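I am opening my notebook on this structure. The entries below follow the order in which I looked things up.

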Amino acid sequence: MSAASRGNGGGAPLLEVEELKKHYPIRKGLLSTVVGHVLAVDGISFTIGEGETLGLVGESGCGKSTAGKAILKLIEPTAGSVKVRGKRIDKLSRAEMRPYRRQLQVVFQDPYSSLNPRMTVGDIVAEPLRNYGVENGRALEDRVAALLLKVGLRQEAMRRYPHEFSGGQRQRIGIARALALQPDLIVCDEPVSALDVSVQAQVINLLMDLQKEFGLSYLFVAHDLAVVEHISHRIAVMYLGKIVELTDKRSLFATPLHPYTEALLSAVPLPDPEAKRERIILKGDVPSPINPPAGCRFHTRCPYAVARCSKEEPAMREVRPGHFVACHLREIDGAAFATAALTTEAHRTK
Amino acid sequence: MRREERFLGLKVTPLTRRRLANFRGNRRGFWSLWIFLLLFVVSLFAEFIANDKPLFVDYKGRWYFPVLVTYPETTFGGDFPTEADYRDPFVQKEIEANGWMVWPLIPFSYSTINYHLPVPAPAPPSAVDWLGTDDQGRDVLARLIYGFRISVLFGLALTVFSSIIGVAAGAVQGYFGGLTDLLFQRFIELWSNLPTLYLLIILSSIVQPNFWWLLGLMLMFSWMSLVDLVRAEFLRARNFDYVRAAKALGVSDPVIIVRHVLPNAMVSTLTFLPFILNGSITTLTSLDFLGFGLPAGSPSLGELLAEGKANLQAPWLGITAFLTLAVMLSLLIFIGEAVRDAFDPRKNVG
């Protein structure tokens, strides 16, 4: 895809997700009647621009991976819309989806199960190229070799099998496969959480280098805030199938507005052993996504919850330019927020 | 670049090499395979081993190959334009007078009736009929060789066809799952409850079943044996990340099934094949024994068993059939065990 065609979206962002939902029915009894739904993803909205990385964080089971898969239509979304450069793809059939598959690629979490153990690395990386008939014969082989080189593997790797590689190397193979068709957006589904910390950094840096080189956009799903902070431009925080806060990296880490984000940030380990910090320990467990709490989903564990929180669901609101949060306590404007922050501070130190 | 090992034109991966070594490691199975192959290859040339026509005739300076070519009796100075009966003393005398001929090891075909028995049929083993004759004066050894061949060929054909259908059906069910799977499974449950034997008896009263009819009829019911196994493998594999990755690459379903899922499902399928072959042979034998199998007069182990039962005063019939079946089925079971060992991932070369 040339630079010119990248820009012709008429201002529409590369990816636009609106009110995306994925509900899994729970069936019981003789007639398998639907007795409820698992609300894995329950109405999330965000956009990703060209060359941008959006980090999607949240604890396990909050639906962040499901969201990634629903966007790629690896699972059918229940409701909502997904637009690529302004064109809706969520209702497309498999055949209609085919041209979009070239633009949207995926890197999976587990580098061991995401590569077919019976195919050589060369065949794995060549598969997308063969599938779209991009290259053939000698040219195909050169292309695969170039891709492997690009992700820091040697050309000899082509003849080997995935089991002959380490976790980090296998993840590089997965990245090479995702890169093969020169996509615009790569959904990274916890691409480093299965790797050693030292290897994590290598893979993250590789992803960032590739972004610079090809102008890629990433939807980076992860549970590790430190990793997300390093790679993302903007970050969306998910809790129980909903996005609770969405803003640029700097303001999220400097002034988290949602109590859940606050708690998450306080759990990030600091490299300084002398540093003292208030740890916010949340009470209880994540409620079940089958019967999420009424009102604000976080109110059962929120240290600042008021009566209204359990009755009324807070809407996503732009509290400051570019800073979205779904919390009743932040309904007040930016100026008032400062005092609110002070009172919560006082409340906590008490 | 590593040297690629090749065996019979196929790439030998280290895994394949380990499997071959494991197979060889099971001495009993390894020797069983060779003995069985030897017997099978010998029986494939049954016409050259047991036949009522000479292999080679030199008559008045010209060469004839009666096994391969049909010659009228007039060729050898007879009166009839029909095929020469080389067991006829007149023809024999004529050829001996004007040249010579070479007989196969056993000068009887499966349907040759020995009219020159010293005792009433069934005749006990003698220098002429090594395993005696059946109650119609036909040589038991000749019938055994032809019967072995037809049993194994029938078994192999049934195994191959029912595996192809079974694997395809299981693959479709397991890969697509959902409603496809549900309906197909219910159909199989109904279909497998049809009483096969009665159906065969009814059908054989309408048509005289020959080899292919019988194969078709048996196939209608035998294909189900592998379905559950393959279906389970596919149900498991369709959620592997590398299958998801292939879907995200826009690879079509048939290609994913054949390239990504089938190779992994084949291992468990292969270990079942010798046992299915065994079952197929046993089924044919029992049908022949009951008289609903191959048309009357065909050489078959089941018919020999039936004759043994009808002529208990001639124990060589029953004993021969029993020993042949026992040896053949045991060899196949031993081979099956060795194949299972070869594909056992936990087994190391001992």
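**Entry 1: where the chains meet**

I started at the interface: 16 residues of chain B are in contact with 19 residues of chain A. I take contact to be C-beta atoms, placed from the backbone, within 7 Å of each other. On the side of chain B that touches chain A, helix H10 (241–248) and helix H11 (253–290) of chain B each give two or more residues. I count as helices the DSSP runs of H or I with at least four residues, and as strands the E runs with at least two, numbered from the N terminus. H10(B) supplies the largest share of that side, seven residues. By type, the side of chain B that touches chain A has nine nonpolar, three polar and four charged residues. Here Ala, Val, Leu, Ile, Met, Phe, Trp, Tyr, Cys and Pro are nonpolar, Asp, Glu, Lys and Arg charged, and the others, Gly among them, polar.

A note on provenance: this is a predicted model, where local features need pLDDT of at least 70, side-chain atom pairs count only at pLDDT 80 or more, and totals for chains, interfaces and linings use all residues. Residues are numbered from 1 along each chain as its sequence is written, while chains are lettered from A and ligands numbered from 1 in the order in which they are written.

**Entry 2: the cores**

Next I looked up the largest nonpolar core. It has 152 residues, and A:Val125, A:Leu219, A:Phe220 and A:Val237 touch the most other members. Such a core is a set of buried Ala, Val, Leu, Ile, Met, Phe, Trp, Tyr and Cys residues joined through C-beta atoms within 7 Å. Buried means 20 or more other C-beta atoms within 10 Å, exposed 12 or fewer, partly exposed in between, with C-beta atoms placed from the backbone. Helix H5 (residues 140–176) of chain B gives this core its largest share, 14 residues. Another core lies apart from it, with six residues, including B:Tyr64 and B:Phe76.

I then checked A:Phe220. Beyond four places in sequence, its contacts include A:Thr53, A:Cys188 and A:Ile231.

**Entry 3: helix H2 of chain B**

B:Gly29, B:Ser32, B:Leu33 and B:Ser43 are buried. They fall within an arc of 105 degrees down the axis, so they line one face of H2(B). The arc is taken over directions from the helix axis to the C-beta atoms. On the other side, B:Arg27, B:Trp34, B:Leu37, B:Leu38 and B:Val41 are exposed. Among the elements covering the buried residues of H2(B) are H1, H5 and H13 of chain B.

I followed H13(B) to B:Val327. B:Val327 is partly exposed, with 15 other C-beta atoms within 10 Å. B:Val327 and B:Phe36 are 291 residues apart in sequence but 9.3 Å apart in space, C-alpha to C-alpha.

**Entry 4: helix H5 of chain A**

In H5(A), I found A:Val144, A:Leu147 and A:Leu148 buried. Their arc is 100 degrees, so they line one face of H5(A). They pack against helix H4 (121–131) and helix H6 (167–179) of chain A. A:Gly152 follows H5(A), with a positive phi near 85 degrees.

Conventions
Two residues are in contact if their C-beta atoms, placed from the backbone, lie within 7 Å.
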